[in-house]
Amino acid sequence: MNSAPALAQIDPSSTGRGLSLTALWTLYSFSLRQHRHGKRWIIMAALMLLPAGLALLVRNTAHNVPGVALEFVFAFMFIPQALLPLVALIYASGMIQDEQEEQTITYLLIRPIPKWALYVMKLLATLTVAVVLTVVFTSLTYAVIYWGADNHGQNILLRCLKASSIHATAVAAYCCLFGLMSLMAKRILIVGILYIAIFEGLFANLAFGIRLLTVIYYTRLIAYRTLPFIVSTPFGTQDFAAEAWQLDVRNDPKLLEHPQFGTCLIVLFVSSLVLTALAAFICSRREFYVKTAEKG
Amino acid sequence: MPIFDQGYQHWSGQMSGRAWRWLAVTRQGIRGGLKNRFLRYVLFAAWVPALALVLMLCMWGLLERRSSLASTFIQYMSLLQPGVVADPQHYRADIWRLSYGYFLQIELRFSMVLILLVGPNLISQDLRFNALPLYFSRPLRRIDYFLGKLGVILAFLGMVVIVPSIVAYVLGLLFSLDITIVRDTFAILLASVAYGLIIAFSAGLLILALSAMSRNSRYVALCWVAIWLISGIVGTVLQAVDSQQRRYAYYSQISVARPNGRDFDNLPRAERDKQWRAYRQAREKATEEYRIAELGFSAHDWRPLVSYTANLSRLGQQLLGTDQTWKKLSLLDPDQNARDLLLATYMGPQYPWYWSAGVLTGLFGLSACVLNLSVKSLDRLK
Amino acid sequence: MCSEPFGKIAGPAEVRPIVAFHEVSKWYGNVIGLNKLTIQIPAGVTGLLGPNGAGKSTLLQLATGQLYPSQGTVRVLGQPVWNNPSLNRCIGLCPEQDAFYEWMTGWDFLYTSARLGGLSRPDARDATGRTLDAVGMTTHKGRAIRGYSKGMRQRIKIAQALVHGPQVLFLDEPMAGTDPVARRALMDIIQRLGSEGKSVVVSSHVLHEVQSLTPNIILLNRGRLLAEGQVRQIRDLIDKHPHHIVLVCDASRKLASRLVSWDDVEGIRMLPGGKALMVETRSPDAFYGRLPQLSFEDGTEIKEVYSDDDNLEAVFKYLVNK
């Protein structure tokens, strides 16, 4: 018989030492390292380089294209409509699912970190990486569009700053959304792509109330209210944004029927928090099957 | 009564030939793919355009036999001019060509979705779970493995492109009851089958190469989405920016100025309306001239080459010969301007088809190289 | 750490189970992993045994709070495990799957595990160094895990379970896939942990390895508890099956003719070779007691006496084939 000493029962009230900030910080920095490691960030960077590359190509092949037009097409159509949701989908969907598929999530679950905190720290690390990528490549796109071009008196640095902030807010909202979806859907990539194509791609372009449920709608409103996209054409001055985004500026020049700038920010921020809280709650109640396959 | 050994017994029968070993890999891949519920839904949805194609061909066959059922149906197709409906046999091949053309355009999209569902797992899962030694420790060569995996893509794409094309053709023949239809339309069947095979081989090898580059099928799927959708968006953006500039150049030549300003607002209503009408007419004329000129410009436009699906579409357009069909149909209109406008509206890109063939061949070669480098034989596996 | 006073200690100082399962069932869809399991694992080294699919990993995952029981309760150190992350300070798990952050070095992995356990930087550094020493991985600490052999990977896995100084260790098939030398090293580590006062639950389907580690075993089969306790005690309780005792002797037939007259001998079988025989008896102690006298009286030289089934494998076979 083993001669180990007898153990007394530990008083339950004495073991609750609360959240360890050390553990949380370690998890956050470890998740950042995970993102940095591997080829994923290279693929994301290549994807985010597309707008800058395209802008360079257009500037070299089609002359006299106004900078504002290029800015609108690449920085406010291409990036928020296609790239930001994709980047957020890839990063956020893999937060927990990658760990589960690689079977390394066990090493995190057996630490004294609540599951909801595990999710929140992973999300924070994902947000950090996604926002940094977004800001860097948005700035690069602006640099490519306006380098050596006539600014027509515009403050490009300010426009770039505003655009980067808007994109960062959007990508953060997408990350929170797809993070929640990844806990609810097994085939998150298919669901995410369908969501991007149907919700953000189709419904957001319809002048119906359903677009209030999309991230891109609020992103566009914030962009419209903070950055003018007026270009001189043979037709006279043309408001690119209003035409492309189905905003009836002729009858409602101040867009009073649409949420204001502050409201848009609050909606995006609050909905991100709500989605995160919901996902953290689901994570805290969830079992993570490592050996046996999940149901369905 | 003899007692038989229940243990392992060596197979002493005939072994299947080496040429068919890839089929085992294909069968296993198809079985695995069909377990995916989404895939079954997409397969089901992909057959809906096939039903529409069958309906169109059958109706045309009935129209040739002057059936009243077909006449009722055809009157809802506003695209068809009276001259075409009046002589259905003369325009039979053209209508078949256009019907197949639209069908294959839709099925091209479904094919991309099918590949997204089936393709990423094909090799990446074998890499992730280290199944390659299990394959290559059997008398299976790398080429058998690649053919087997490619066979999975061929099977699924064949189900939505080639099989419906053949079934629609046979049903169209049956509803026509005219033996000359084979002479007129057999080339269309061959072209659609060839196009289906081109899509399957090109896209199949490409997705296999992507799948061989990563152990995580999610990133493979993302790369596929990038190639399929993002390249399409990039191509469209490049074309749009370029054509917009030319459009502005045409509009800047409008001799009638845009009515605006206080002087215009002070004019009587009749005069204002007259000036607006004149401006709109000038603008419409400029638009028509621009659209007609775009057709000529598209003969030199390289921008669509950026889009993977546009390259496939261009080859399909060339194989089916839909451009000749539109030219023939345009002759029904006596007005030259109207003819040019019809061609500008309906004809596809006019750049040389061999540009697209070159791009696709280059991608094919690159995919083959990547596969060769990524999937090593047993003695070279880590 | 958990070996230090962890706050107020309640109740009388008596021996309590480390792990307690009460009427626990766990099913995965239609497949039942554990079926109404009630068990109390005491302090010390305990072997958890069963064939593949018996429910060993399910039991360990329930005990470490990774899974929630479909029925019943699971308590470790007197506390419920599910959603009780602070209890993880006292628990260490060496999981079965061979999964790592392959890009990390051994040191990096352990240090991060220590920091995730809430240790400060200096404490984590000390603990990492000590643990690497304990598992014999100090010389390989700077190499990426992807370059480790199977034995090294298992040692690092055990190390991450130990680095935060837990009181209770769960080791899920720690010796799977290792060579005999590595296996011996791992067994030494486990024995040392037991002697240091840690409670260790080792799961395995390799019976002789567990037998050499501890006499305390829990036997599972198809999600049910077959038996628990010491091997010998379990063997004694299986009164349906007589003991098999092998006698090696040159005059085996002569010996057999004498033994067949004993009342407690239920059967005798001559073993191939003609130099040994196997006796079935329900009273092994009495049989052993009379054997020397028989040899003396008869002048029959008995070269060797051993029991063929006083081991885990025999116990297991009886219980599983019941």
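I count two residues as in contact if their C-beta atoms, placed from the backbone, lie within 7 Å. With that in hand, I looked at chain C: among its contacts with a separation of 6 or more, 67% are between residues 24 or more positions apart.

A note on what I am reading: this is a predicted model, where local features need pLDDT of at least 70 and side-chain atom pairs count only at pLDDT 80 or more, while totals for chains, interfaces and linings use all residues. Residues are numbered from 1 along each chain as its sequence is written, and chains are lettered from A and ligands numbered from 1 in the order in which they are written.

Next I looked up the overall make-up of chain C. I found ten helices and 14 strands, taking helices (H or I, at least four residues) and strands (E, at least two) as DSSP runs numbered from the N terminus. Along the principal axes, its C-alpha atoms fill a box of roughly 75 × 45 × 45 Å. Chain C has 322 residues, and 42% of them count as buried; buried means 20 or more other C-beta atoms within 10 Å of a residue's own, exposed means 12 or fewer, and partly exposed lies in between, with C-beta atoms placed from the backbone.

Then I turned to phi. Most residues other than glycine have a negative phi.

I placed C:Glu23 in strand 1 (residues 19-28). C:Glu23 is exposed because 11 other C-beta atoms lie within 10 Å.

C:Lys36, also not a glycine, has a positive phi of about 50 degrees. I found C:Lys36 in strand 2 (residues 31-41) of chain C. C:Lys36 has 15 C-beta neighbours inside 10 Å, so I log it as partly exposed.
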